[in-house]
Amino acid sequence: MLNSPEEEILAKACEAIYRFALKGEENKATLLELGAVEPLTKLLTHEDKTVRRNATMIFGILASNNDVKKLLRELDVMNSIIAQLAPEEEVVIHEFASLCLANMSAEYTSKVQIFENGGLEPLIRLLASPDPDVKKNSIECIYNLVQDFQCRTTLQELNVVPPILDLLKSEYPIIQLLALKTLGVITNDKGARAMLRDNQGVDHLIKILETKELNDLHIEALSVIANCLEDMDTLILIQQTGGLKKLLSFAENSTIPDIQKNAAKAITKAAYDPEIRKLFHEQEVEKCLVALLGSENDGTKIAASQAISAMCENSGSKEFFNNQGIPQLILLLKGDNEEVREAASLALANLTTCNTANANAVAEADGVDPLINILSSTRDGAVANAATVLANLAMQEPLRVNIQNHDVVRALIGPLRSANTVVQSKAALTVAATACDVEARTELRNSGGLEPLVELLRSKNEEVRRHASWAVMVCANDELMAVELCKLGALDILEEVNLSINPGTKLLPLKDLCLQEPSDQRAVLLVNSKSSDVSPPPSTEDKSSDVGYGRSISSSSSLRRASKEKSNYHFSTGFGSPTEEKSEPPSGRNTAVSKGTTKEKGSRKVRGKKEEEKVKEEEEASTLPKLMGEGSPEKEWYPPFDPDFCVYVYEVTKSIFPITNIKEQIEVLAKYVAEKMGGKISKEKLHDFSWELHISELKFQLKSNVVPIGQIKKGIFYHRALLFKALADKIGIGCSLVRGEYCRAWNEVKLMNETPKGLIGVLPPPEVYIVDLMFHPGGLMKLRSREADLYRYL
């Protein structure tokens with residue numbers, strides 16, 4: 001009958017099939033087997049409105065069957081169904097067409113078809129339909145679609161937030177719930193959060209939380225607010241309207257565990273931003289978190305501990321948790337739930353890092369025993385965290401003795417044998433921190449701890465090798481231990497680790513490297529701060545005929561020419577060097593010391609200098625043949641001169657060295673290095689920074705694989721890090737040069753913290769920072785977890 005040419009028969013057949021399909025899944029499967037789906041799809045575009053309506057109603061019901069969905073995708077009817085959402089169609093057609101799309105959109109392929117056939121716009125329009133079923137089906141379909149990133153982006157362009165916010169006023173809880181769920185997904189994007197803020201959406205959400213009758217919506221409302229807390233502008237708005245205090249009070253006093261848990265998770269996510277952490281601290285968020293630690297729900301305890309871990313980046317928060325928080329966290333260490341113990345130990349690890357007061361608080365609250373017990377836990381994260389706390393405590397001698405008395409060395413043997421590299425690293429670090437006297441080292445040897453420790457030296461993980469090497473160094477302070485370590489092969493392994501080149505290869509002398517032709521291998525970076533008195537720079541006239549770095553000095557005239565070029569060199573600095581000092585020779589020495597400034601002294605110096613130069617040239621002319629060997633065809637070779645680097649050293653020594661504040665020195669030097677290497681680069685445009693081409697051009701011009709660092713004007717991470725290190729060494733800034741992977745390298749510096757209140761005269765331990773030379777030159781990022789922080793930075 002579905003193939004009948006008569007409209008009345010078609011309409012009645014569709015009506016009967018609709019009633020049959022309503023009776024259950026078995027009937028839907030029967031219709032599929034009888035071949036009803038394909039002829040029905042043709043009726044979706046029938047001229048008769050009744051036939052079209054009845055066919056649409058059938059598909060609204062049938063589309064809940066997975067096999068029907070599959071067939072509909074293959075028949076490609078999505079365009080016909082979306083056409084039924086047109087404004088001129090009846091409400092009942094809108095209802096069942098949107099129901100069909102809601103059922104179909106649960107699967108990825110159907111989402112793509114709905115999106116590609118322009119289904120989003122009519123669905124958003126139907127959110128304002130007077131029919132609640134149409135609204136429900138449309139928002140459900142939109143919720144399914146926004147799981148896809150591309151759909152979320154398009155939704156923002158279609159200004160979807162206002163109509164969704166209107167659904168929060170609906171009298172039907174299911175519509176409100178689906179609206180909140182949709183907002184919870186789309187507000188992961190910054191643009192949607194801004195739209196929510198501009199449309200007073202935060203006020204709607206706070207009102208829902210304040211209404212007890214809407215407690216079934218509280219969890220979802222909180223999920224949306226959690227996303228909003230990650231946006232600084234939205235957070236400030238929430239704080240200014242009193243919403244943040246309400247939120248914290250709501251979380252603290254709620255009797256619903258999921259609400260408390262989600263509130264703590266929201267704080268955790270937002271607290272990774274330093275400005276938001278500061279605002280949280282001002283709003284005393286710590287009190288709420290400590291209260292949540294006392295919850296009976298394990299999920300809430302875990303979330304609160306994680307939030308405390310995140311807030312630890314704020315020094316004020318660390319100080320707050322000293323008296324309130326640490327005792328409660330230690331109580332959690334004694335519980336049975338392994339996940340709770342792991343989260344609590346992570347919070348303690350962050351609280352005690354570079355904080356002697358908190359380390360003392362852990363010991364005073366009898367935290368050593370439960371921490372040592374956790375070293376035998378089955379959860380690697382808990383073991384690593386506990387080892388970190390113990391290492392932090394062991395930095396103080398009285399606490400180290402306390403830890404040693406609890407048999408910590410024996411407890412570390414198991415973690416040293418772990419297969420997890422993080423556990424291995426933290427265990428080795430704790431050995432290095434605790435095995436600081438003969439008794440502890442003897443116990444380590446007698447407990448069989450040396451064998452696994454030496455084995456860790458072979459690890460392929462850099463941090464494991466580093467911490468194991470440190471532990472071996474500490475243990476080797478005793479002669480007996482040193483002998484035992486050598487018997488176990490520690491010295492041989494350390495010698496292998498110390499090799500910076502591949503086994504079996506020879507590191508060529510600089511001369512041979514310079515004389516090699518350019519290749520596709522990475523350029524050899526040369527740092528040479530020696531002046532042209534030793535290694536003359538090529539003159540402008542010689543550049544065209546210069547054949548790389550093989551050129552030798554053959555006469556005193558070249559030395560005279562170099563001397564002349566050097567004396568006439570004019571510096572262009574970003575620090576405003578006085579004009580009279582621009583002719584001074586660049587050098588690694590501190591040239592900031594005052595020279596004679598009067599005209600009389602100046603003229604006397606010039607006359608004296610000319611006479612000196614004349615004598616010097618005569619001496620050089622007579623000495624040079626001796627250096628090269630009388631009558632020898634061999635010519636003396638000198639390393640490539642780097643006039644630009646010499647200028648850098650001069651400028652840095654003159655302008656940055658006098659700065660007394662070490663942090664300011666670092667920031668100014670970082671900006672200087674970035675300026676010389678191509679300036680600030682945004683992460684988004686990093687791929688457009690054509691440094692490779694620049695280096696290749698330099699190698700071609702120099703006819704060598706060796707490139708002086710000063711000649712590089714477009715440098716990436718490792719070029720900048722090397723230049724920073726070389727210049728920092730010249731002016732006495734302590735920093736490390738750390739090599740990463742994929743052309744990555746960075747500098748780490750240590751800066752002293754302020755002395756904690758009440759500890760006058762006690763010098764706090766320094767904190768390590770990564771120096772930003774790329775994205776925000778001069779910025780310093782505190783290093784807590786190398787892997788996580790580098791990921792955030794790079």
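**Entry 1: Asn528.** I began by listing what Asn528 touches, leaving out residues up to four places away in sequence: Pro639, Pro640, Phe641, Asp642, Phe645 and Cys646. Contact here means heavy atoms within 4.5 Å. The model is a predicted one, so I kept to its rules: local features need pLDDT of at least 70, side-chain atom pairs count only at pLDDT 80 or more, and totals for chains, interfaces and linings use all residues. Residues are numbered from 1 along each chain as its sequence is written, and side-chain values use heavy atoms, with hydrogens and water left out.

I placed Asn528 in the loop between strand 1 (524–526) and helix 39 (556–567). Helices (H or I, at least four residues) and strands (E, at least two) are DSSP runs, numbered from the N terminus. Is Asn528 buried or exposed? Asn528 counts as buried because its relative accessible area is 8%; the cut-offs are under 20% for buried, over 50% for exposed and partly exposed in between, with a 1.4 Å probe and protein chains only.

Next I looked up its polar contacts. I count a pair of N or O atoms within 3.5 Å; within protein, one must be able to donate a hydrogen and the other to accept it, and residues adjacent in sequence count only if both atoms are side-chain atoms. The Asn528 side chain reaches the backbone nitrogen of Lys530 at 3.1 Å. A polar atom of that side chain also lies 2.8 Å from the backbone oxygen of Pro640.

**Entry 2: two arginines.** I found Arg152 in helix 11 (residues 149–157). Arg152 has 14% relative accessibility and therefore counts as buried. What does the side chain of Arg152 make a polar contact with? The partner is the side chain of Asp189, at 3.1 Å. Beyond its neighbours within four places in sequence, Arg152 is in contact with Val146, Gln147, Val185, Ile186 and Asp189.

Arg445 sits in helix 33 (residues 438–446). At 28% relative accessibility, Arg445 is partly exposed. I noted that its C-alpha atom is separated by 8.6 Å from that of Glu484, 39 residues apart along the chain. Glu484 is also on the list of residues that Arg445 touches, with Leu450, Leu480 and Met481, not counting residues up to four places away in sequence.

**Entry 3: Ala179.** Ala179 belongs to helix 13 (residues 173–186). With 0% relative accessibility, Ala179 counts as buried. Outside the four places on either side in sequence, Ala179 touches Ile139, Ile164, Leu167 and Leu168. For Leu167 I also took the C-alpha to C-alpha separation from Ala179: 6.3 Å in space, for residues twelve apart in sequence.

**Entry 4: cysteines.** How many disulfides does a search of the whole structure find? The search finds zero, with a disulfide taken as a pair of cysteine sulfur atoms within 2.5 Å. I checked Cys436: its closest cysteine sulfur is in Cys475, 9.1 Å away, which is too far for a bond. Cys436 is partly exposed, at 36% relative accessible area, whereas Cys735 is buried, at 11%.

**Entry 5: helix 26.** For helix 26 (residues 356–364), the buried residues are Asn358, Ala359, Ala361, Val362 and Ala363. Their cover includes helix 23 (315–320), helix 25 (338–352) and helix 28 (380–393). At the start of helix 26, a side-chain oxygen of Asn355 comes to within 3.3 Å of the backbone nitrogen of Ala357. Just after helix 26, Asp366 takes a positive phi of about 60°.

**Entry 6: nonpolar cores.** I define a nonpolar core as a set of buried Ala, Val, Leu, Ile, Met, Phe, Trp, Tyr and Cys residues joined through side-chain atoms within 4.5 Å. The largest has 174 residues, and Leu229 and Phe280 have the most contacts inside it. Helix 28 gives the largest share of this core, nine residues. A second, separate core has 44 residues, including Phe689, Ala728, Ile731 and Val749.

I came back to Phe280 for its contacts. Leaving aside neighbours within four places in sequence, they include Leu229, Leu235, Leu244 and Met311.
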